[in-house]
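Open the model in your viewer and keep a selection panel at hand. The tour below goes from one selection to the next.

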Amino acid sequence: MNHEDAPSTPPLRASTEMPEAIERWESFGGSWRVTLVTHERAAVELLRCDCGEVIETLEWTDPSAVLWAREQAAS
């Protein structure tokens, strides 16, 4: 395949950005943990900064958020 025949869409990045909701939660001092990752969805618990109590569970089906959660669970 020559350069002109190369696909125009970029490949899926191996590393993804942290979802905005998680970034915002961290900026206020909270912590989080990945609780579920499948091929199609992911779940993350948002935890209080003082005692680790679960405040909310976020669930995603967006492929980039699922990939991010998979990377976090693997590290």
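In which strand does A42 lie? A42 lies in strand β2, where strands are DSSP runs of E of at least two residues and helices are runs of H or I of at least four, numbered from the N terminus.

Before selecting anything, note that this is a predicted model, in which local features need pLDDT of at least 70 and side-chain atom pairs count only at pLDDT 80 or more, while totals for chains, interfaces and linings use all residues. Residues are numbered from 1 along each chain as its sequence is written, and side-chain values use heavy atoms, with hydrogens and water left out.

**The whole chain**

Colour by secondary structure. The protein chain has 2 helices and 3 strands, and from the N terminus on the elements run α-β-β-β-α. Of the 75 residues in the chain, 23% are buried; buried means under 20% relative accessible area, exposed over 50% and partly exposed in between, with a 1.4 Å probe and protein chains only. Among the contacts with a separation of 6 or more, 38% are between residues 24 or more positions apart; a contact means heavy atoms within 4.5 Å.

**The sheet**

Select the strands. The 3 strands form an open sheet in the order β1-β2-β3, with antiparallel pairing; two strands pair if DSSP finds at least two bridges between them. The edge strands are β1 (31–37) and β3 (54–60), each of which pairs on one side only. On average, neighbouring strands of this sheet are turned by 20° against each other, direction ignored; such angles are taken between lines fitted to C-alpha atoms, for helices over the stretch in contact, and run from 0 to 180 degrees between N-to-C directions.

Now follow the connections. A hairpin of 4 residues joins β1 to β2, and the two strands pair over 6 bridges. One of the places to look is V37, whose bridge partner in β2 is A42; another is W32, whose partner in β2 is L46. β2 (residues 42–47) is joined to β3 by 6 bridges as well. Here A42 has W60 as its bridge partner in β3, and V44 stands opposite L58. The hairpin between β2 and β3 has 6 residues between the strands, and G52 in the turn has a positive phi of about 80°.

**Strand β2 and A42**

Select β2 alone. Is β2 mostly covered or mostly exposed? It is mostly covered, with 6 of its 6 residues buried. In a regular strand the side chains alternate between the two faces of the sheet. In β2, A42, V44 and L46 are on one side and A43, E45 and L47 on the other, and all are buried.

Next, centre on A42, which counts as buried because its relative accessibility is 0%. Leaving aside neighbours within four places in sequence, A42 is in contact with L36, V37, L58, E59, W60, V66 and A69.

Select α2 (residues 63–74), which lies across β1, β2 and β3 and runs at about 105° to β1. The buried residues of α2 are A65, V66, L67, W68 and A69, and they pack against α1 (20–27), β1, β2 and β3.

Then show the side chains of I22, A42, V44, L46, L58, W60, A65, V66, W68 and A69, the 10 residues of the largest nonpolar core. Such a core is a set of buried Ala, Val, Leu, Ile, Met, Phe, Trp, Tyr and Cys residues joined through side-chain atoms within 4.5 Å. β2, β3 and α2 each supply at least two of its residues, and α2 gives the most, with 4.

**The tryptophans**

Finish with W32, W60 and W68, which form one aromatic cluster. Rings of Phe, Tyr and Trp (its six-membered ring) pair if their centres lie within 6.5 Å; planes under 30 degrees apart count as stacked, over 60 as edge-to-face and the rest as tilted.

How many aromatic pairs does the structure hold? There are 2. The rings of W32 and W68 have centres 5.1 Å apart and planes at 50°, so this pair is tilted. W32 lies in strand β1 and W68 in helix α2, so the pair ties together parts 36 residues apart in sequence. The rings of W60 and W68 have centres 6.3 Å apart and planes at 85°, so this pair is edge-to-face. W68 counts as buried because its relative accessibility is 2%, and W60 is buried too.
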